[in-house]
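Dear colleague,

I am handing over the structure that we spoke about, and below it I have written down what was found in it. Please read the text with the structure open beside you.

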Amino acid sequence: MAKKQLIATKLFVLDTNVLIHDPSSLFRFEEHDIFLPMVTLEELDNNKKGLTEVARNARQASRNLEEIVGTDLTNLELGCPLNVNGNRHLTGRLFLQTMQVTAELPGLAGLKADNQILAVVLDLQKTNPSRHVILVSKDINIRIKARAMGMSAEDYFNDKVLEDTDLLYSGMKELPADFWEKHSKAMESWQEAGRMFYRINGPLCKSFLVNEFVYYEFEKPFHAMVRSVDGNSAVLEVVKDHLNPKHNIWGINARNREQNFALNLLMDPEIDFVSLLGQAGTGKTLLTLASALTQVLDKKIYSEIIMTRVTVSVGEDIGFLPGTEEEKMGPWMGALDDNLDVLNKSDEDSGEWGRAATQDLIRSRIKIKSLNFMRGRTFLNKFLIIDEAQNLTPKQMKTLITRAGPGTKVVCLGNIAQIDTPYLTEGSSGLTYVVDRFKGWGHNGHITLLRGERSRLADFAAEIL
C-alpha cells in the first residue's frame, strides 16, 4: 500500500521565482513532495536584501524553509515533513539537494542557474524512474527548455483565482424573456424612502447574488438591483436612472446601462467596497470622481478623497522626481487632472474666476498618496480610490483595503487586460482576487463596464489594434 501511494504522489522541483512570487507556496502542494535545488537557495539568498516586495518575499520564504528544515539534520536524506505549524493536513516532504549533479544537458552551458535547475530535474528523473518529476516555474523560457528536453514543466497555478477570466463575476445578469411569467406569482411591491421594491418568487432567485444587477430588455425594460435573497425568493430594488439629465452627478450623466449601474453603486452609502472593471475609456475614473466630489463637497458624507495607484511605468522610467510625496505622484496622476477638467467644464455659468476657484477647492479635497507609505495607516470617513488596481498583487490589495476605518468607502478601478507588473497575470491579479472573493457580500458592489465612451477614434483603436 505504501509503495502504491509513493508512486501516486508527485515530486515538484521549485524554481526561485515561485518562492519569491508566493513564499507560502511550500505549503501548497498537499500530499506531494517538493525538491529544492541548491541554486534555488543561492538565488533566494541573492534576493533577500532591500525593501522591495521581492526582497520581503525572499526573506519570508527563507523563514518558512527554516521552520520546515528545523535543527534536526538527520532526516535530510529522507526529507523534512511539511506539516509544520498550521499546515497539519500536509503529508508531503521537502527534499534539499545534497549531492553534486553531473547530468549532461544537450546544447546548454551548465553554469547558468536555469540550466543547473534543469540538470537537477534530469538527474531526479533518472534516479526516480517510478515517480512523476515536475518542474514548477513562473519563467516561460525555462519551461520551454524543459519541455524541449522531455521533462514535465508547469506554471505555478495556486495563486490563480480563476483559470479563465471570462468566468469572472460581471456584477449583472440578463433576465430571460419569460422571466415575469415564471416569477410574478404572489409578487409584492412597495415604496420606501422614494425607492421602489419588488419581492419575487421563482427558480432564478437561487442564482442571484446580493447587490447584483438584473436587467430585462424586452417589451418593458426593467433594471433593478438584488437587495436580498432567501431561497426561492428575492427582493429587487429598481435602480435610480442616472441616464436622465435630472439625476446627474456633478454634471455627469450615465451614457449606458453599465455606467448607470456603476453610479448606483458609487452613490449608495450602504456599499463600502466597489470594484469597477473595464477597458480604457469606459468612464471608470470619471464616474468615480464625480460621485466622490458630490459626496464630499455637497452631501458631506466623507471628509476627503484619497487617490492612489501603483507606480509601474509603461515605458522607460524617467528617474527620480523632485518635490513632496504629492508632487512626486503628479506625473502618475494625469488621469485625475484630465477628469477634473471634464468635471469643471460642466460649471459653465461661473465664468473663468469661478472655475479657477472651484478647481482650487476641489484640489484641496483630493489627496494623492503613494502606496509605499500605506502600512499602519487608518482612513476615517474617506473616499479611497485605488486606480490601476490590476497591477497590485493580492497581498498588496489586502494591505490597502484593510486601511479602511469606520465610514470609509473603497473603490478599485482597473482593466485586467493591461497588467504591467512582472509575473502577474489576469488570473492572479489582486483585482481579480477581490472581485471574486467579495461577490455576494452585502456591502460590496461590482460592475464590468463594457462600452467605451471616449471617441470614435479611441473605440476603433481599441477594437482594431
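At 60% relative accessibility, Asn46 counts as exposed; here buried means under 20% relative accessible area, exposed means over 50%, and partly exposed lies in between, with a 1.4 Å probe and protein chains only. Asn46 and Ala58 are 12 residues apart along the chain, and their C-alpha atoms are separated by 9.0 Å.

Before going further, please keep in mind that this is a predicted model, in which local features need pLDDT of at least 70 and side-chain atom pairs count only at pLDDT 80 or more, while totals for chains, interfaces and linings use all residues. Residues are numbered from 1 along each chain as its sequence is written, and side-chain values use heavy atoms, with hydrogens and water left out.

As for the protein as a whole, it has 15 helices and 18 strands, and 48% of its 465 residues count as buried. Its accessible surface comes to about 24,000 Å², of which 53% belongs to carbon and sulfur atoms; such areas come from the Shrake-Rupley method with a 1.4 Å probe, and for residues only the protein chains shown count as cover. Among the contacts with a separation of 6 or more, 66% are between residues 24 or more positions apart, where contact means heavy atoms within 4.5 Å. Met307 is found in strand E14 and, at 1% relative accessibility, counts as buried.

Next come the charged side chains. Side chains of opposite charge can pair when their charged atoms come close. The structure holds 14 salt bridges, a salt bridge being a side-chain nitrogen of Lys or Arg within 4 Å of a carboxyl oxygen of Asp or Glu. One of them joins the side chains of Asp45 and Lys48, at 2.8 Å from N to O; Asp45 is partly exposed at 37% relative accessibility, and Lys48 is partly exposed as well, at 34%.

Another salt bridge is formed by Arg195 and Glu237, whose closest N and O atoms are 3.6 Å apart. This pair links distant parts of the chain, since Arg195 is in strand E9 (residues 195-201) and Glu237 in strand E12 (residues 233-238), 42 residues apart. Arg195 is partly exposed, with a relative accessible area of 36%, whereas Glu237 counts as buried at 8%. Glu237 also meets Arg227 in a salt bridge, at 2.7 Å from N to O. Glu237 lies in strand E12 and Arg227 in strand E11 (residues 222-230), so this pair ties together parts that are 10 residues apart in sequence. Arg227 is partly exposed, with a relative accessible area of 22%. Arg195, Arg227, Glu237 and Asp268 are linked in a network of salt bridges.

Now to a pair of helices. Two packed helices are described by the angle between their axes and the distance between the axes. The axes of helix H13 (residues 394-401) and helix H14 (residues 430-438) come within 8 Å and cross at roughly 65 degrees; axes are lines fitted to C-alpha atoms, for helices over the stretch in contact, and angles run from 0 to 180 degrees between N-to-C directions. In this pair, Pro394, Met397 and Ile401 of H13 meet Gly430, Leu431, Tyr433, Val434 and Phe438 of H14.

Finally, there are two residues whose backbone angles deserve a look. Most residues other than glycine have a negative phi. Lys300, although it is not a glycine, has a positive phi of about 55 degrees; Lys300 is placed in the loop between helix H9 (284-298) and strand E14 (304-309), and at 61% relative accessibility it counts as exposed. Asn381 also has a positive phi, near 50 degrees, and lies in the loop between strand E15 (366-370) and strand E16 (382-387). Asn381 is partly exposed, with a relative accessible area of 37%.

With kind regards

How values were computed: Helices (H or I, at least four residues) and strands (E, at least two) are DSSP runs, numbered from the N terminus.
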